[in-house]
Amino acid sequence: MKVSWNWLCELLDIPGGISPQAVADRLSVSGVAVDAIHPIGKNLSGAIVAEVRGKRPHPKADKLTLVDVFDGKEVTQVVCGAPNVPNPGEPGQSPRVVWARPGATLPSGMTLSVREVRGIPSPGMLCAEDELGLSEDHGGILILQPSDGIPIGADFAQAAGIPDWVFELDITPNRPDLLGHIGVAREIAALFRQEGVRLKQRSIDLDDLRGNQPQSESAHVVVEDPEGCPRYFAHRISGVHVGPSPLFYRLRLQRLGVRALSNVVDATNLALLQFGHPLHAFDLGKLAGQKIVVRRAQSGEKLKTLDGQERELLASDLLIADAEQGVAVAGVMGGQTSEVSATTTEVLLECAYFSPASIRRTARRLKLHTEASHRFERGTDPNALAEVADACAELIIKLSGGHLAAPPTDVYRHQIPTQQLTLRPERTA
């Protein structure tokens with residue numbers, strides 16, 4: 001599992017002097033193997049966000065482009081050899097690029113200056129992802145949009161949340177609590193308690209998420225198989241505008257090995273990475289009867305999953321359905337018929353607890369191992385669903401607009417008690 005040091009620092013109060021390497025060493029000694037630490041964007045300085053104001057061919061080289069970039073004060077011409085230089089638009093609405101100006105330093109150690117490229121001076125360079133230390137991609141320069149919310153002239157490293165360090169942890173099956181950043185943060189707080197490391201506490205005001213909008217009926221959920229799904233929690237969110245997530249969140253997902261898809265879906269993946277509990281967003285308008293039914297599949301029932309594959313199910317498989325058909329293989333993967341798309345305006349956010357044995361059996365039979373099934377198979381916390389769903393709803397609303405349109409739905413017939421352990425400190429050594 002990949003873990004971001006910067007994200008851990010958002011969850012913890014960490015006194016100065018405690019380095020990523022020190023944390024890695026103590027985690028390893030405690031039984032949480034740290035296989036590697038990867039620096040991301042280390043030593044990057046002096047690179048700013050600039051707006052493309054014009055472009056034209058280099059007079060002496062077919063594969064080079066002269067690009068006019070605006071840094072908030074003046075327009076400067078830079079020579080660029082990338083094939084994907086964007087066309088300019090209206091000032092303030094044009095695509096943006098990362099310009100390493102003269103004096104800037106890249107993670108490779110290179111310091112930029114003014115140099116001639118086929119007879120034309122080029123002050124610095126426009127950067128690709130690999131040159132910024134973000135990935136190994138050198139297919140073209142990194143292109144930003146005004147919707148990323150990064151002002152022209154802003155320091156790119158700060159806006160992108162770098163430098164960062166990514167830990168690769170080897171999590172054993174008996175520690176599902178460490179399959180999210182909050183679980184790892186709790187572990188670090190315990191290991192560094194004497195040094196003053198503490199877990200930050202925060203709360204979410206659902207009234208703020210409702211805004212002043214009129215409330216609708218709660219999501220209609222029927223759980224026909226309480227053994228397979230002891231608890232199903234859902235939020236109804238209206239008024240969303242689906243589009244790309246801001247750069248900060250896209251890059252956070254990228255360095256943790258997850259592909260950014262859209263602001264709504266990205267929010268569910270970010271919540272999974274934070275809490276270690278999977279969630280799923282349905283397009284409520286695509287659910288027949290605007291209803292969710294949690295049931296066992298009919299033998300031979302088929303469902304096309306998000307990967308485009310048609311899956312034939314057995315009567316032992318747990319299914320999420322609407323009033324007419326299956327819409328997701330519970331705890332494994334969603335279906336295509338109800339996926340969030342550019343036309344989605346209302347979302348049903350699912351945060352459920354499924355029987356680990358049921359999910360394990362279905363995932364193995366379908367040969368479909370996903371981030372969700374990996375966590376559900378090992379066991380998640382049924383009593384943390386409201387906290388996880390509230391945080392995810394808050395992020396969806398932050399990234400895509402909208403509001404909580406109804407009180408949450410919580411189907412929880414037989415409460416699973418929280419286990420309490422008694423510890424006598426005097427007997428520990």
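**Notebook: a predicted model, looked up piece by piece**

I began at H58 and found that one of its polar side-chain atoms sits 2.9 Å from the backbone nitrogen of K60. I count a polar contact as a pair of N or O atoms within 3.5 Å; within protein, one must be able to donate a hydrogen and the other to accept it, and residues adjacent in sequence count only if both atoms are side-chain atoms.

I note that this is a predicted model, in which local features need pLDDT of at least 70, side-chain atom pairs count only at pLDDT 80 or more, and totals for chains, interfaces and linings use all residues. Residues are numbered from 1 along each chain as its sequence is written, and side-chain values use heavy atoms, with hydrogens and water left out.

**Entry: H58**

I placed H58 in strand β4, residues 45-58. Helices (H or I, at least four residues) and strands (E, at least two) are DSSP runs, numbered from the N terminus. H58 has a relative accessible area of 4% and is buried. Buried means under 20% relative accessible area, exposed over 50%, and partly exposed in between, with a 1.4 Å probe and protein chains only. I then listed its contacts (heavy atoms within 4.5 Å). With neighbours within four places in sequence left aside, H58 is in contact with L64, T65, L66, V79, V117, R118 and I120.

**Entry: S19 and helix α2**

I looked next at S19, in the loop between β2 (12-13) and α2. S19 is partly exposed, at 31% relative accessibility. Its side chain reaches the backbone nitrogen of A22 at 3.1 Å. I also checked S19 against W5: they are 14 residues apart along the chain, and their C-alpha atoms are separated by 9.6 Å.

Which residues of helix α2 are buried? In this helix, residues 20-30, they are P20, V23, A24 and L27. They are on the same side of α2, because they cover an arc of only 100 degrees around the axis. The arc is that of the directions from the helix axis to the C-beta atoms. I recall the general rule: an α-helix has 3.6 residues a turn, so residues three or four places apart point the same way. Among the elements covering the buried residues of α2 are α1 (5-11), β3 (33-40), β12 (164-170) and α4 (181-191). After α2 comes G31, with a positive phi near 110 degrees.

**Entry: helix α8**

I found P356, S358, I359, T362, A363 and L366 buried in helix α8, residues 356-366. They line one face of the helix, because they fall within an arc of 160 degrees when seen down the axis of α8. Their cover includes β17 (291-296), β19 (310-312), β20, β21, β23 (346-353) and α9 (371-378). K367 follows α8 and has a positive phi, near 50 degrees.

**Entry: an open sheet**

I traced an open sheet of five strands, in the order β14-β17-β20-β21-β22, with mixed pairing. Two strands pair if DSSP finds at least two bridges between them. β14 (220-223) and β22 (333-334) stand at the edges with a single partner strand each, so one side of each has no neighbour in the sheet. Strands β20 (residues 318-321) and β21 (residues 326-329) run antiparallel and are joined by three bridges. I320 stands opposite A328 in β21.

**Entry: D283**

I placed D283 in strand β16, residues 280-283. D283 is buried, at 5% relative accessibility. Its side chain reaches the backbone nitrogen of G285 at 2.9 Å. A polar contact of 2.7 Å joins the side chains of D283 and T344. Beyond neighbours within four places in sequence, D283 is in contact with S338, E339, V340, T344 and E346.

**Entry: nonpolar cores**

I searched for nonpolar cores, meaning sets of buried Ala, Val, Leu, Ile, Met, Phe, Trp, Tyr and Cys residues joined through side-chain atoms within 4.5 Å. The largest has 83 residues, of which F156, I188 and I237 touch the most other members. Helix α10 (residues 385-400) gives the most to this core, with 10 residues. A second, separate core of 34 residues includes V221, I320, A330 and A352.

**Entry: cysteines**

How many disulfides does a search of the whole structure find? I got zero, a disulfide being a pair of cysteine sulfur atoms within 2.5 Å. The sulfur of C351 has its closest cysteine sulfur in C392, 7.9 Å away, too far for a bond. C351 is buried, with a relative accessible area of 0%. C392 is also buried, with a relative accessible area of 0%.
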